[in-house]
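The sequence and the model come next, and the paragraphs after them take up one region at a time.

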Amino acid sequence: MFKVKTVKIDGEEIHVFNSAIFIFEASTGLTLECNVIVTEVVVKKYQREENVIVEIELEDGRIINSIMMVNIIHGGLPQLHLCCDIDDTEDYKDFDRVNENDTRFPDIEEGVTLEDIRKVEMPIEPITLKLKLPVDQVEWLKKQKKNELNEIISEIIKMKRQ
């Protein structure tokens, strides 16, 4: 199986933790497919996209440029599924092939953890809290800048987790 060295989507390189690139054989035709484990931030960025311009550099130096459909693989680690139809298999004759009747698909999650992924890029999520506090504390909170409050809450959570 070929190893993916780098992936660029719409000209922007994304961090790839693990990947599999192969030819998928279906009754409707052949597709080049690339599954990549990425950060949650990357998944969020491309979750509403249908087609993207992809450049995949393989470890053997080959570069694949194509407009590919992008889908999110749900259920495990954050993954993108990139695929495009192919007519000429000559460029891909030495790629692994997976048939639509196969029950085996490359397992790219082995050896990668969500903690590893979040060390590279931690997603930031907004949260709304509803609190009941004495009015003097509410007044103090209202006077604080948003960044300062974020920092205070983060520090409190870090202290409580220890």
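The largest nonpolar core holds 28 residues, and those with the most contacts inside it are Val7, Ile21, Leu32, Ile56, Leu80 and Phe95; a nonpolar core is a set of buried Ala, Val, Leu, Ile, Met, Phe, Trp, Tyr and Cys residues joined through side-chain atoms within 4.5 Å. At least two residues of this core come from each of strand S1 (4–9), strand S3 (18–26), strand S4, helix H1 (40–46), strand S5 (51–58), strand S6 (63–73) and strand S7 (79–86), where helices (H or I, at least four residues) and strands (E, at least two) are DSSP runs numbered from the N terminus. A second, separate core has nine residues, including Ile37, Leu77, Val98 and Ile117.

This is a predicted model, in which local features need pLDDT of at least 70 and side-chain atom pairs count only at pLDDT 80 or more, while totals for chains, interfaces and linings use all residues. Residues are numbered from 1 along each chain as its sequence is written, and side-chain values use heavy atoms, with hydrogens and water left out.

Setting aside neighbours within four places in sequence, Phe95 is in contact (heavy atoms within 4.5 Å) with Phe2, Ile21, Phe22, Ile23, Leu32, Leu58, Arg62 and Ile64. Met68 lies in strand S6, and the C-alpha atoms of Met68 and Leu32 are 9.1 Å apart in space, although the two residues are 36 apart in sequence.

Why is Met68 classed as buried? Met68 is buried because its relative accessible area is 1%, and buried means under 20%, exposed over 50%, and partly exposed in between (1.4 Å probe, protein chains only). Thr31, in strand S4 (residues 29–37), also counts as buried because its relative accessibility is 13%. Leaving out residues up to four places away in sequence, Thr31 touches Phe22, Ile23, Phe24, Cys84, Asp85 and Ile86.

At the surface, Ile127, Leu129, Leu131, Leu133, Trp140, Leu141, Ile152, Ile153, Ile156, Ile157 and Met159 form a nonpolar patch. Helix H3 (135–143) and helix H4 (146–161) are the elements that give two or more residues to this patch, and its largest share, five residues, comes from H4. Ile152 is found in helix H4, and Ile152 is partly exposed because its relative accessible area is 33%.

Methods. Patches are made of residues with over 30% relative accessible area and no salt bridge: like charges are joined within 9 Å, nonpolar side chains (Val, Leu, Ile, Met, Phe, Trp, Tyr) within 5 Å. Accessible areas come from the Shrake-Rupley method with a 1.4 Å probe; for residues, only the protein chains shown count as cover. A salt bridge is a side-chain nitrogen of Lys or Arg within 4 Å of a carboxyl oxygen of Asp or Glu.
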